[in-house]
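Please open the model in your viewer and keep the selection panel at hand.

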Amino acid sequence: MRALRIFAKDLRAYYLKAPVLSWGILFPVTVMALMSLNMRMFGESRVVPAMFSITLLFASSSMAQVAISFEKLSGALARILYLPLTGADLVLAKSLGGIAYGIGGAGVAALVSYIVAGHLVMIRPLYFILGVVLGAVVYSLISVLIAFYYDPVHAVAVLNIVRFSMVFLGGILFPKAFMPPRLAWLAYLFPSVYVTEVIRFGMYNTWDYIDPYTSLIVLAIAIAALAYASARIIIRILTP
Amino acid sequence: MKRYGDTYALKGLSFTVARGEVYGLLGPNGAGKTTTLRAIAGALRPTRGRILVEGVDPAREPLRVKRLVGVVPELPSLFPELTVRDNLEFIAGIYGFSRSEARRRARETAEALGLGDYLGVRYGRLSKGLKRRVDIAAALIHDPPILLLDEPTSGLDVIAASRLRERIAALARQGKTVVLSSHYIEEVMALADRALILYRGSKIVEGTPAMLRRVLSKKRVTIYYTGEPPQSLSVEAREALGAYGVEDLKIERGALSFKASRTVEALEASIRLLRERGLRVVDVEVLPPSWDDVFKAHIEAAGGRAACPCGGRAG
């Protein structure tokens, strides 16, 4: 309940800011448009799930970073410390915006891919929904952790390094067969590969790097670990 | 005690505040006042030692303590993009009040602090004085028995600061326990029932304003004059001013300065002396004691036995 109140406040205060709109909506839409040009090269079952994954990644990870950075700079985050909130409350509150934005972004991506491809393949919708929701949660948590841990200037840089590493090395953009063998293993270190594989399985009933069942387990573990670590780190950082 | 690495932010600090009391934390910047308030509010864990707020340890049960205290941080720190109403309703919501109750509390608290006309204004657009009042309203929204105020009048003009002091005094009359930090001696003296002087994380002295005033009373007086002083002026000044607790007497070209506890009498006597010697007094400056002076005065008052904070370093 307290987390929802913070989410509602963040919605009014931050989520229509230019950085959020540019990184959360305009950038993924641009990427989707560019990727649609490469449909023939990689194939639809590679490109369309990648579009969803990139949209999720950027939409989900933009919210918390903006909200937390604004509050760090204005001193409001220090004020929140005096309120009866736990680390878990703060993690949930700051993740909710990213999760909502990510899921909304996936809706936009579905519309764009329907327009571009003329159809929307969805063989296993439950897996697709699971992939979108878990992806939104995991990407949002990553941005919460980074935004709390680093000062606002460095947080943007670190978040971008993480995001672009996921896009190029994390199993989103390039199929396993296209990756140099010495770099292919890196994909397994990023949650993006598991998110993308679950979405791909939900849409096209196929997978590339890793099967969707293992991916779901890994994502569940990653979310639990990230949520726990974020709550602990937030309390450590904010209550020295 | 609170330690960061080998630096003590607080060391050997112990004090008790009675219910309904206004208690002042006085000291220079970096003395440990904010650290003390944050520890009381459960926003900082002491490295060693224990704090009890109404019998609850903030390090163990921070959420319970946060419901007992309302905190006004040193800098304006509510959400600049939200209106005063939205800020207050948001804070009330975090304390668990329903939407309608949060709205009622926001309106009533704002009106009690003279903010009724500003409920629809964005916090970020308010003046410093108004922001401070909204900060206080936010701290009072859940009607806590204890109010922690960190440098409440810092950055305010004289009139806004004076009005704010009146409001703090009114809150104390309503039975709130108030702990306020300040580096303005007169502010603490005017508001507090008792106060503590902090210096480099350690308690120097604790007592009533009257008691602290004795420690803080030695002001630095400088009298500027024109004309050529006689060679004997130094000896004559020592004789004339000795009765008024004058110390550190210095006579330089164009200025006579000293520290005195009986400032007015010492000032009158020195002006009289200068005029009798044919010198023309052109200006007078009276400065409060520096915090180093206060610390030294306390050491002397304690016969050199007071514990030295020693730069706040662990050793």
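Begin by selecting Ser62(A), which is buried, with a relative accessible area of 2%. That value lies under the 20% limit, which is why the residue counts as buried. The model is a predicted one. Colour helix H4 of chain A, residues 44–74, and Ser62(A) will be found within that helix.

Next, display the side chain of Ser62(A) together with its polar partners. One is the backbone oxygen of Phe58(A), which the side chain of Ser62(A) reaches at 2.5 Å. Another is Arg163(A): the side chains of Ser62(A) and Arg163(A) make a polar contact at 3.4 Å.

**The nonpolar cores**

Now select Phe52(A), Leu88(B) and Leu148(B). Within the largest nonpolar core, which comprises 138 residues, these three touch the most other members.

Centre the view on Phe52(A) and show its surroundings. Which residues are in contact with Phe52(A), leaving aside its neighbours within four places in sequence? They are Ala106(A), Ala109(A), Ala110(A), Ser113(A), Leu120(A), Phe128(A), Ile199(A) and Met203(A). Another core, of 19 residues, lies apart from the largest one; select Ile223(B), Tyr244(B), Ala269(B) and Val281(B), which are among its members. In soluble globular proteins, nonpolar side chains tend to be buried together.

**The interface of chain B and chain A**

Show both chains and select the residues in contact across them: 31 residues of chain B meet 24 residues of chain A. Between them the two chains bury about 2,500 Å², and 64% of this area is on carbon and sulfur atoms. On the chain B side, highlight Phe79(B), Phe90(B) and Ile94(B), the residues that lose the most area to chain A; together they account for 23% of what that side buries.

How many residue pairs are in polar contact across this interface? The rule finds three such pairs, with both residues at pLDDT 80 or more, and zero salt bridges.

Finally, colour the elements of chain B that give two or more residues to the side touching chain A: strand S1 (2–4), helix H2 (62–68), helix H3 (84–94) and helix H5 (128–140). H3(B) gives the most to this side, with five residues. Colouring the residues of this side by class separates 19 nonpolar, four polar and eight charged residues.

Definitions and conventions: Residues numbered from 1 in each chain as written. Chains lettered and ligands numbered in written order. Predicted model: local features only at pLDDT ≥ 70, side-chain atom pairs only at ≥ 80, totals over all residues. Heavy atoms only, no water. Core = buried A, V, L, I, M, F, W, Y, C linked by side-chain atoms within 4.5 Å. Buried < 20%, exposed > 50% of the residue type's maximum accessible area, 1.4 Å probe, protein only. Contact = heavy atoms within 4.5 Å. Helix = DSSP H or I, 4+ residues; strand = E, 2+ residues; numbered from the N terminus. Polar contact = N/O pair within 3.5 Å; in protein donor to acceptor, adjacent residues only side chain to side chain. Buried area = accessible area lost by both parts, 1.4 Å probe. Salt bridge = Lys/Arg side-chain N within 4 Å of Asp/Glu carboxyl O. Nonpolar A, V, L, I, M, F, W, Y, C, P; charged D, E, K, R; others polar.
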